[in-house]
Amino acid sequence: MTATRVQFTCAGRTDVGVVRSGNEDNYLLVPDVAVFIVADGMGGHAAGEVASEMAVKIIADRIGDVRGLEETEASQRIRDAIRDANAEIFDRTLTEHDKRGMGTTATALVLMGGRYVIGQVGDSRAYLLRDGRLLQLTKDHSYVQEQVDAGYLTPEDARTHPYSNVITRCVGANEDVIPDTYIGTLHRGDLFLLASDGLTGMIDDPRLHEILQSSPDPEELSATLVAEANRMGGLDNITVVLIRIDALEGNGGVRAT
């Protein structure tokens with residue numbers, strides 16, 4: 001079987017927003033092995049920033065290079081990486097008084113051959129723009145999402161609900177965590193977006209769709225998305241990572257710009 005080589009262009013950006021005094025978000029791009037991570041920390045007193053920074057570094061380190069693995073093996077590697085980050089962050093909350101209660105979301109995307117694998121905990125989202133359609137690939141681990149699933153809230157009501165920022169699963173709050181994973185096929189021209197809720201809480205999906213179609217350049221799009229979230233209020237830290245699939249070829253490996 002001939003391995004598929006992926007060529008892609010990626011960009012990332014984080015911004016404190018308009019209201020907050022510090023930035024508890026973190027992101028990491030590892031183009032050499034096609035690993036991309038967004039984390040949105042919580043805990044205050046800089047603890048959220050510590051949790052999100054630990055998460056992106058530990059997850060990237062433990063994922064390593066999954067090229068050549070079967071997708072089920074890669075999916076397990078990502079789950080284990082997020083659980084490892086959870087364990088290390090949780091241990092730190094037990095030994096450092098000022099870090100008690102800290103935690104973070106984590107959404108990790110890995111490209112491998114002609115496939116993608118996503119691991120997720122919390123409400124930082126992964127989207128895919130393909131053939132003009134915007135798809136939300138992940139499901140939030142949040143109170144309002146549970147209410148939507150149960151039929152008590154509409155998605156529109158959930159956006160403005162007073163508990164819209166309450167998450168039901170995060171990395172570091174408990175001794176263990178169960179990540180969700182998502183697997184799919186890559187197409188040339190795909191545009192992936194990973195984002196903290198500082199973006200998605202300010203920009204609804206129709207407007208997000210409109211912006212993502214406004215330019216082919218991930219760097220330009222990242223700046224536009226952050227500026228729009230701030231224009232709409234900038235109530236939280238804003239982090240975006242964009243990955244555009246430029247080509248899929250039959251000789252294995254990755255090539256990034």
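1. A residue is called buried under 20% relative accessible area, exposed over 50%, and partly exposed in between (1.4 Å probe, protein chains only). By this criterion D140 is buried, at a relative accessible area of 11%. D140 lies in the loop between β8 (133-136) and α3 (143-149); helices (H or I, at least four residues) and strands (E, at least two) are DSSP runs, numbered from the N terminus.

2. This is a predicted model, in which local features need pLDDT of at least 70 and side-chain atom pairs count only at pLDDT 80 or more, while totals for chains, interfaces and linings use all residues. Residues are numbered from 1 along each chain as its sequence is written, and side-chain values use heavy atoms, with hydrogens and water left out.

3. The side chain of D140 makes a polar contact with that of R125 at 2.8 Å. Such a contact is a pair of N or O atoms within 3.5 Å; within protein, one must be able to donate a hydrogen and the other to accept it, and residues adjacent in sequence count only if both atoms are side-chain atoms. Leaving aside residues up to four places away in sequence, D140 touches Q120, G122, D123, R125 and Q145 (contact: heavy atoms within 4.5 Å).

4. Strand β3 (residues 35-42) is mostly covered, 7 of its 8 residues being buried. Two strands pair if DSSP finds at least two bridges between them. Strand β2 (residues 25-30) runs antiparallel to β3, joined by 6 bridges, and D25 stands opposite D40. In the hairpin of β2 and β3, A34 has a positive phi near 55°.

5. β3 also pairs in the antiparallel sense with β5 (residues 106-112) over 4 bridges, where V35 is partnered by V110. With β4 (residues 103-104), β3 forms 2 antiparallel bridges; there G41 faces T104 as its bridge partner.

6. The whole structure holds 20 salt bridges, each a side-chain nitrogen of Lys or Arg within 4 Å of a carboxyl oxygen of Asp or Glu. R13 and E219 form one at 3.0 Å, N to O. This pair links strand β1 (residues 5-15) to helix α7 across 206 residues. Both partners are partly exposed: R13 at 29% and E219 at 40%.

7. E96 and K99 form another salt bridge, with the closest N and O atoms 3.6 Å apart. Here E96 is partly exposed at 26%, whereas K99 is buried at 9%.
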